[in-house]
Amino acid sequence: MPVNRSSANRSPDGESLELLTKQALEASQAGDWDRVEACYSERETTLKTCVIDPADAARLIAMDEQVRAALIVAKAGIAG
């Protein structure tokens, strides 16, 4: 059976970064922008002191793009 890379051989920092990013994504989908900001602020603090695997970074970037898309939709709704 294949090993799920998202749970195998991941550092505590990598797990924390992914959890914070998932929480930011969920908050963005709910329109809770204060929570999004809090998640990214905490993530920034963690990123300053860790080394992230390229595969983990790619997953985080993909989620970041989803947060960005939700922001664009929200801005369009405010402007429109």
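Q: Which residues does Thr 46 touch, once those up to four places away in sequence are left out?
A: Thr 46 touches Asp 13, Ser 16, Leu 17 and Leu 20. Contact here means heavy atoms within 4.5 Å. This is a predicted model, in which local features need pLDDT of at least 70 and side-chain atom pairs count only at pLDDT 80 or more, while totals for chains, interfaces and linings use all residues. Residues are numbered from 1 along each chain as its sequence is written, and side-chain values use heavy atoms, leaving out hydrogens and water.

Q: Why is Thr 46 called buried?
A: Its relative accessible area is 13%, and buried means under 20% (exposed is over 50%, partly exposed in between, with a 1.4 Å probe and protein chains only). Thr 46 is therefore buried.

Q: What makes Ser 28 count as buried?
A: Ser 28 has a relative accessibility of 4%, which is under 20%, so the term applies. Ser 28 lies in helix H1, residues 12-30. Leaving aside neighbours within four places in sequence, Ser 28 is in contact with Trp 33, Val 36, Val 67 and Ala 70.

Q: Where does Thr 46 lie?
A: Thr 46 lies in helix H2, residues 33-47. Helices are DSSP runs of H or I with at least four residues, strands are runs of E with at least two, and both are numbered from the N terminus.

Q: How do you know that the span of H2 is close to the expected one?
A: The expected span is 1.5 Å times one less than the number of residues. H2 has 15 residues, and 21 Å is expected; from first C-alpha to last, H2 reaches 21 Å.

Q: What makes the buried residues of H2 line one face of the helix?
A: Val 36, Cys 39, Arg 43 and Thr 46 are buried in H2. Seen down the helix axis, these buried residues fall within an arc of 85 degrees, so they line one face. The arc is that of the directions from the helix axis to the C-beta atoms. On the other side of H2, Asp 34, Glu 37 and Thr 45 are exposed.

Q: Which helices do the buried residues of H2 pack against?
A: They pack against H1 and helix H3 (54-79).

Q: What pattern does the protein chain follow along the sequence?
A: The pattern is α-α-α, with three helices and zero strands. Of the 80 residues of the protein chain, 26% count as buried.
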